[in-house]
Amino acid sequence: MEPEQPAAPPSGSTNNLMNVGHEGNIQGQMEEFLGPQAEYDEEEEERKYYRRKRLGVIKNVIAASVGGMIVYSVYMGLLQMQLILHYDVTYREVKYSNLGLEDIDEKMLMGINVTPIIGLLYTPVLIRFLGTKWMMFLASGIYALFVSTNYWERYYTLVPSAVAIGVAIVPLWASLGNYITRMAQQYYEYANYKEEHVQEQKKLPKGACHSYIIVFQSVFYIIFHLSFVFAEFPMRLFLHSYLHDYNHTLSRVSLCGAGIRGLIPGFNTTVLTKLPQSMLLIQVESVLMSFAFLAMIIFLVLCGAAYRPTEEIDLRSIGWGNIFQLPFKHLRDYRLRLLCPFFIYSGFEVLFAISGLSLSYGVCVLGLKQLWLLVLAYGLSCSLFSSLSLSLLRLPRWVSLLGGAAVHFVLLVVLLAWSPLPRNPNLLAPLLVLSVLWGLGTALNKTGLSTLLGMLYEDKERLDFVYTIYHWWQAIAIFIVYLWSKLPMRAKLSILLATLLLACYCYWVMERRLARKVPPRVPRIPRPRHKVTRHTERLKYNVYSPEGRCPGGSQWVTCSTNTTKVRSSVSSGASHDTNAG
Amino acid sequence: MSLINLDLCFNNFTNLSHSNASLPASLTMLYLCRNNLSTLACGWSFLRLIELLDLSYNPHLPSKAFQGVDLRQTRYLRLRSTNVSVSVLLNVSNVKAGHVDFSGMGLKSNKRLTELCTLLRMRVHWIKNLRLGSNGIKNLKSNTLSNCPKITQSLDLSRNQLKSITCLNFLSGHKHIQSFSAEHNHLTSLPSCTGKNMLSFKNVTELSVRYNRILSVNSHAFNITPNIKTLKLNINTIAFLHREALKGLKKLETLRLDNNLLTDLFNVTFEDLHNLKTLNLRNNHISVIFNGTFQNLGNLTTLDLGGNKITHFEASGLDGLKGLVKLYLDGNNLKQINSARYHVFQDTLKVLDLQKNQIRFLTEDRESPFMNLSKLSDLKLDWQMPYGITLLPRAFFHGLYSLKSLYLSNNRISHLAPDAFDHLTDLRFLTLDSSCVGVAQLQPGVFKNLRKLKTLIVENMGIQNFSKAVFGNLTELEILQLNSNVMRSIDVDALEALPKLQYLDLRKIPLSCTCENSILQNWTLNNKRVQLVYLYSLPCQYDKKFKFYNFDTKVCYIDLGQYLFFSTAAAIFLFTVIPLLYVKLYWKMKYGYYVFRSWFSEQWRRLREEEENCKYDAFVSYNSSDEHWVLNQLLPNLEGNGSSFRLCLHHRDFELGRDIVSNIVSAVYGSRKTICVVSRNFLQSEWCSLEIQLASYRLFDEHRDVLLLVFLEQIPERQLSSYHRMRKVMLKKTYLQWPGSDCTDPVQAQDLFWNKLRRALRKGSIADEEKTDKNEGCCSNDASDTSLCFFVQE
């Protein structure tokens, strides 16, 4: 953001070295210039300034959440619509004949699901090279590109863009998690600007910004989970009138739920009553496209940078080799190791909700026409119950994670035992309840994990590594779900259940070790490589240059503490705040 | 228009009562066969104007019905299978006896025939045609018909059960008869009719004994009818045709011998038939045509030898056929086309039928067998057995300039050369159906010379795409049959390129009901010119329930999507990349911008002109950490201390309120030289590097040597390498080294340093000045140590 850092009241006395010659003259002039404003209330101005900063942080969080929500609404809505359209054999035959669109879809899903496996290799490098905000912006651009390629579905447009999405998924999520947590830290800094450790830019005291992390993460997930709701809009508003009812689509389905193998065995290959007009399709895609574009603009304009430029230089300057290695080194930390099953489960459950639960239970019983309702209920409950994690402000942190796990455990046991018969619209209410409850578990799981990571790793230099690991494991889990789609439902449920139990056990072990204060093996972050010496006499550059001549960001504080006039730096910092974003 | 012919057969009339109505005056032919008439019950004049009246197969119609009906005008009255008796009829009706057809009236025995003759004789003396068919006559005594009126034209005895016609001896007294027909009888042989007491019918021109069981025809069998012109012996079982059976028939023009069992033709068989025009020998068992068989048939125009087993012609087997126009050789066992055999009639032959032979070519190198058949208009080569013709030799059709029709279907041709049909410029009809093996690759331009072609049949050729390159030249084409090919889509442009097309058959083509064919669907439904056969029953491929004419094309609208894709993808790409580049390359771009601006601005030019009176002698670029050296050493030594250089220091001389970068630019360009005070700190500073950048820009791009490098510390090269911008300059420039404390005589070394610097400052900034003079030792008393202090970097 702005390079100007709030400075301590001028100490003045210590650094008199610069007072030789003209240097003193300038200071004198400045004092003269500022002198007449007698009513200038420094405290008040400072307070206002930091209030603005705090509002800026809140704006950043909201913008990032809304941006991410729009990106995923558009992406999931489009994907769902296209997969349903392409599922219909008549549509495929008429529109693409020998193009083999089913094959393309398969390849596309493969691109989306398989590519993230290598995400661990490049994500931190990418994030640190571009910066967190720019990473989010770039990812939203890639998602928008995917929307754009759906105008013209060809092998050579869809598959590369799907691969690009696969490349962008882990960096996007890692930077989102990093961003939200970082915002919580910034908010703390701006809220407690008078504290010495803030002014000195030292490490924050342990647990200082936990409450902000909890609030920000739940706000993020409250907003983000609405994407499931908006993703159903194309389905409900556009595709709904073209779909056959359940008597047609489920005519050859004999069983649903736990007893089946694959998604919906016997599902009719024609689901569309008539083919939608392509002009209409283009209109729908254009609406989606404009929203994707809106998301890009939100990321570009409304999201401020997560780190100051000096911090970013520091983050970068530990060397690309180190940046590359550090995520792997972090895996030696027992906290992350023990959380891995939970990361994996987190990936399992969200994909199970939209594929296994919604399709093999929901659509299989109610028909394709009710899919939107189930996913909508799931999304709404996710969003709503994400606010439950605010309870962590009062309750111990394991409540959220284990609470969600308990809900899912019960649901999994129920699902294991339940094989409903198809074509039974009376089961709508129980299925909606199932979706809502699963959404409750998802909400607690997602917010719990992100919050927990933010709490465990307060060090701003490691956030991106940690979130990269989290979302990489999640991506691996999603890949596994993609692989297992042909398995019997009971096997899938059992894997879910086993993972859940393992995850809870490991988490419990971790908490126990933390309680016993077993020191984790956290890899040392090397000092920035650029050689920095303490120079006290670079004041004069601050006079004419807001950017200053300070080499090395970490030395910035020392160099600017020597500024004689706090107010000048504050005001220039404020004025540059608007430019630098 | 007026009604002439009225056919009311197969109805259920029981009578013809008509109240007051009458038949139109124009009506002359009335068919009432196979009704259920039991009486006519019509007015006297109701049938007055009818000339042809057919009342056959009305089994209950009695003779009395004709009482009171005027049939004087009737020229032909047919009463077969009715209940009419001839004798009663002739008594009650005024119909002319000679105009009644007596076929099928139960005149079975000789006695009843004699009675009929007597009755007729009472009324007429001459009768034109006597029809006695279907009467079940088993034999005719020689005197049975002698009482009859004289037959002037024909006697028809078809469909009786005659076993023999005994040299027509029952026709004694009917010398004027012209035509005799005994088809569908049980004749078994035609005996020899020579002898003294044989009658002779000089007027008979036509004799037909078709559909009998004649096994042998003996010599001189037609001696009694020497002037016969048409002789029909076909559809018998003639195995033995005596060499002299046709002896003396000099006026014979048409001879039908088809569908018999003849195996050999002798050179005397047709010896006397000088006037023969048509000879039909189809479906016999002839295997070889011997020399001279047709040698006297100079007037023959049609020779039909189809359906035999001919394997070859002897060398002069076809000699003598000087006027042959049509030659049918289909269904034989010929293995090759021997052009030498055809030279006799090569100028007259118009039709050559070689269908279903065994012609096959395996090599290409033979000249056209049709070379001289320039009048040939019809050539059939289809259905070669059993392997097909396999290969069309190069220029196979060379010489067939008049050919109008060509049949090549079912020939399993493996490859159609692109010039195969080039010589057939006059072709109107071409059928190629099933003529290829598997998938045909019709070469572009294969039909390029067939500009008069009206009908093209390319059924079942395995054509994969219907392209303009192949079919585009057929400008006169009217009928095109494309059925049973394998193209999934048809380009409408190619169809539009056939301007005269009227009829198009697309059945059994696997046309896919996909967007690819949406234009075709539209064309088939909306074009006004071309008739499409069974268009509304063409099925879709993926589901036969759907029809091609109405598959859903709404979903196809590809173009707009494509444009939107390209535009949005480009927009998103730019919108993503430009901010990223802006953020990442902001400073680089800013440098570039200022350099660019100064390059073009007026100010730059002015600076160049007034270079000598620059504002400053040198702009000192340094890092704040080296400020004390600048202030304590540089300033006193250059501004004071005898020399009066005007230096530009950023903290002293920069214009207040101006942008830093423009300050730096104007400082660099407003000074004759730029002194860079290089230390480690300097190298790390972004601003310093901008200053170096700008100065070195002047050095390299304007050829003005403005940069003076002064090193405050020893910086090893490997450290420099991490500051690549600096290194780029260092590689090109010499520089001064501030003598540090390790010099043996620092004071003297420093003096030397200042001298060098002053001299460098005084120099003009033209690039071609020598740069080498700085290569001097700072430590004059230790010459060997020079490289430590001053050195030249190449």
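This is a predicted model: local features need pLDDT of at least 70, side-chain atom pairs count only at pLDDT 80 or more; totals for chains, interfaces and linings use all residues.
Covalent links between cysteine side chains were examined across the structure. The count of disulfides over all chains comes to six. One of them joins Cys256(A) to Cys364(A), with a distance of 2.0 Å from S to S. This distance falls under the cut-off, since a disulfide is taken as a pair of cysteine sulfur atoms within 2.5 Å. The torsion about the S-S bond of Cys256(A) and Cys364(A) is about -85°, and the disulfide is therefore left-handed. Distant parts of the chain are linked by this pair, as the two residues are 108 residues apart. Cys256(A) is placed in the loop between α12 (246-249) and α13 (278-302) of chain A, whereas Cys364(A) belongs to helix α16 (residues 334-366) of chain A.

Charged side chains were considered next. Side chains of opposite charge can pair when their charged atoms come close. Over all chains, a search of the whole structure finds 28 salt bridges. Among them is the contact between the side chains of Glu44(A) and Arg47(A), at 3.1 Å from N to O. Both Glu44(A) and Arg47(A) are found in helix α2 (residues 42-87) of chain A, where they are three residues apart, or about one turn of the helix.

Two patches on the surface are described here. In chain A, a nonpolar patch is formed by Phe409(A), Val410(A), Val413(A), Val414(A) and Leu501(A), which together have about 400 Å² of accessible area. Helix α18 (residues 398-417) of chain A contributes the largest share of this patch, namely four residues. Val413(A) is located in helix α18 of chain A. In chain B, a patch of positive charge on the surface brings together Lys108(B), Lys138(B), Lys163(B) and Arg213(B). Of these residues, Lys138(B) lies in the loop between β6 (126-131) and β7 (150-156) of chain B.

Backbone geometry in chain B was also examined. Met385(B) and Pro386(B) are joined by a cis peptide bond, with omega at about -20°. The loop between β21 (378-380) and β22 (405-407) of chain B holds Pro386(B). Asn283(B), a residue other than glycine, has a positive phi near 55°. This asparagine, Asn283(B), is part of the loop between β15 (278-280) and β16 (288-289) of chain B.

Finally, an annotated segment of chain B was compared with the model. An unreviewed UniProt entry lists residues 563-583 of chain B as "transmembrane region". In the model, residues 563-583 of chain B are 100% helix and 0% strand, and the C-alpha atoms at the ends are 30 Å apart.

Key. Residues are numbered from 1 along each chain as its sequence is written. Chains are lettered from A and ligands numbered from 1 in the order in which they are written. Side-chain values use heavy atoms; hydrogens and water are left out. UniProt positions are given in the numbering used here, feature names are shortened, and annotations may be inferred rather than shown by experiment. Patches are made of residues with over 30% relative accessible area and no salt bridge: like charges are joined within 9 Å, nonpolar side chains (Val, Leu, Ile, Met, Phe, Trp, Tyr) within 5 Å. Accessible areas come from the Shrake-Rupley method with a 1.4 Å probe; for residues, only the protein chains shown count as cover. A salt bridge is a side-chain nitrogen of Lys or Arg within 4 Å of a carboxyl oxygen of Asp or Glu. Lys and Arg count as positive and Asp and Glu as negative; His and the chain ends are not counted. The place of a charge is taken as NZ of Lys, CZ of Arg, CG of Asp or CD of Glu.
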